[in-house]
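I open this notebook to keep track of what I looked up, entry by entry. The sequence and the model come before my notes.

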Amino acid sequence: ALSAYYVYLPLPGAVSDPWKLMLLDATFRAVQQTCHLIHYLRLSHHLIVLNYLICTFDKLKAVSSEDIKITDAVFDGVEVRVFEPPAKGDESLKRSVVYIHGGGWALASARTSLYNNLCRIMAESLNAVVVSVEYRLVPEVCFPEQYHDALRATKHFLQPDVLAEYSVDPSRIAISGDSAGGNLAAAVCQQLSKDEDLAVRPKLQALIYPVLQAFDFNTPSYQQNMNMPVLPRYVMINYWIDYINGNYDLAHELLVNNHTALNVGRALSFRARLNWTALLPPSFKKSYKPVAQPTGTAAIVERLPALLDVRAVPLLADDATLARQPRTYVLTCENDVLRDDGAMYAARLERAGVPVTLDHFHDCFHGCMIFTVWPTDFSAGVQTRNSYIKWLDENL
């Protein structure tokens with residue numbers, strides 16, 4: 001079945017390392033099918049099994065070196081891993097990045113080699129203290145607990161006495177994340193901008209192919225990349241269902257946008273904020289057409305209010321909230337269902353007066369930035385990681 005799938009897979013020639021990407025995707029799909037079988041037999045939840053396999057073979061202990069000190073800590077009840085470079089010369093304070101890992105709110109860990117490697121390289125390259133947040137995952141918890149974990153850990157770190165403990169400059173802190181971690185980073189940054197009691201706020205936010213909306217699963221990038229390896233559209237919809245504690249029976253309703261049809265009153269006020277026909281450039285829109293059902297299922301948003309909750313869907317934020325966001329970097333990949341999420345957020349932030357850098361990669365795919373170590377070493381990973389770190393170095 002996998003062989004037949006890849007024969008007909010519309011993989012663009014522009015994707016870097018295409019056969020390596022297909023091998024990675026085939027491996028992941030095979031493991032997923034095994035986990036779903038275990039779920040079907042009612043032995044365990046498939047996400048628990050999948051994450052167990054990922055972390056069993058890939059989890060690293062906090063091993064420091066001469067270049068980077070790595071320690072595990074707890075910030076306001078939330079586990080974190082802290083990467084600290086040694087002091088250089090007469091330097092007294094360092095800049096810092098709070099990093100939130102991806103994985104569909106359900107997979108991976110701050111302690112896996114992929115994210116451990118990324119955060120170590122960031123700490124070394126930027127001479128910065130990197131705090132990697134180990135938030136709780138689906139199915140142990142669902143929205144809004146992942147958001148609350150990320151917010152609590154970040155607010156704890158931003159306390160002046162904690163920053164002093166780690167020798168961090170309060171005026172040079174960024175919050176960042178990839179994929180679902182980019183979702184959490186954006187949501188946390190929005191909340192921090194509203195907290196009048198907060199003495200320290202991030203100078204920057206850097207979002208790596210972030211997932212920012214569950215309103216429209218038929219944006220041009222969702223249509224263009226619906227069967228793209230690593231993150232096809234149906235997988236992203238299932239991640240959303242798991243995150244907001246929904247039922248897989250709703251997957252088709254979401255896929256055809258029945259949850260935000262024109263007769264769904266609660267969705268009407270948000271429609272203009274996600275109008276991709278006005279927010280995307282022609283090179284992204286191509287010849288795709290909007291999918292807006294005249295009548296749909298209003299009960300879906302009643303049962304799952306998180307679909308329209310700005311803490312879960314940062315792209316739904318109002319203009320006043322967006323205007324309070326710090327200088328922003330958004331990295332997008334052409335071969336990614338989430339490309340337009342990031343591009344629309346960048347456009348809305350820019351219209352709200354926020355300085356924005358949209359860093360788009362035509363030959364890259366979702367998740368590529370963490371794949372830089374053999375055997376999952378992609379040129380796309382090194383390319384995107386270097387561009388991301390370069391922007392942080394120049395702006396933080």
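Is His 366 buried or exposed? I looked it up and found His 366 buried, with a relative accessible area of 8%; buried means under 20% relative accessible area, exposed over 50%, and partly exposed in between, with a 1.4 Å probe and protein chains only.

Before going on, I noted that this is a predicted model, in which local features need pLDDT of at least 70 and side-chain atom pairs count only at pLDDT 80 or more, while totals for chains, interfaces and linings use all residues. I also noted that residues are numbered from 1 along each chain as its sequence is written, and that side-chain values use heavy atoms, with hydrogens and water left out.

**Entry on the annotated site.** The unreviewed UniProt entry lists Ser 179, Asp 336 and His 366 under "active site"; such annotations may be inferred rather than shown by experiment. They are spread over 188 residues of sequence, yet they cluster in space, with a largest C-alpha distance of 10.7 Å.

I placed Ser 179 in the loop between strand 5 and helix 7, where helices (H or I, at least four residues) and strands (E, at least two) are DSSP runs numbered from the N terminus. Ser 179 counts as buried at 8% relative accessibility. Beyond its neighbours within four places in sequence, the contacts of Ser 179 (heavy atoms within 4.5 Å) include Gly 102, Tyr 209, Leu 338 and His 366.

I found His 366 in the loop between strand 8 (356-365) and strand 9 (372-373). Residues up to four places away in sequence aside, His 366 touches Ser 179 and Asp 336, among others.

**Entry on strand 5.** Strand 5 (residues 168-178) is mostly covered, with 8 of its 11 residues buried. I saw that strand 5 pairs in the parallel sense with strand 3 (residues 94-100) over 6 bridges, pairing being called when DSSP finds at least two bridges between two strands. Lys 94 stands opposite Val 168 in this strand 5. Strand 5 also pairs in the parallel sense with strand 6 (residues 204-208), over 5 bridges, and Ser 176 has Ala 206 of strand 6 as its bridge partner.

**Entry on helix 16.** I counted 11 of the 13 residues of helix 16 as buried, so this helix is largely enclosed by the rest of the structure. Among the buried ones are Arg 339, Met 344 and Leu 349. Just after helix 16, Gly 353 takes a positive phi of about 95°.
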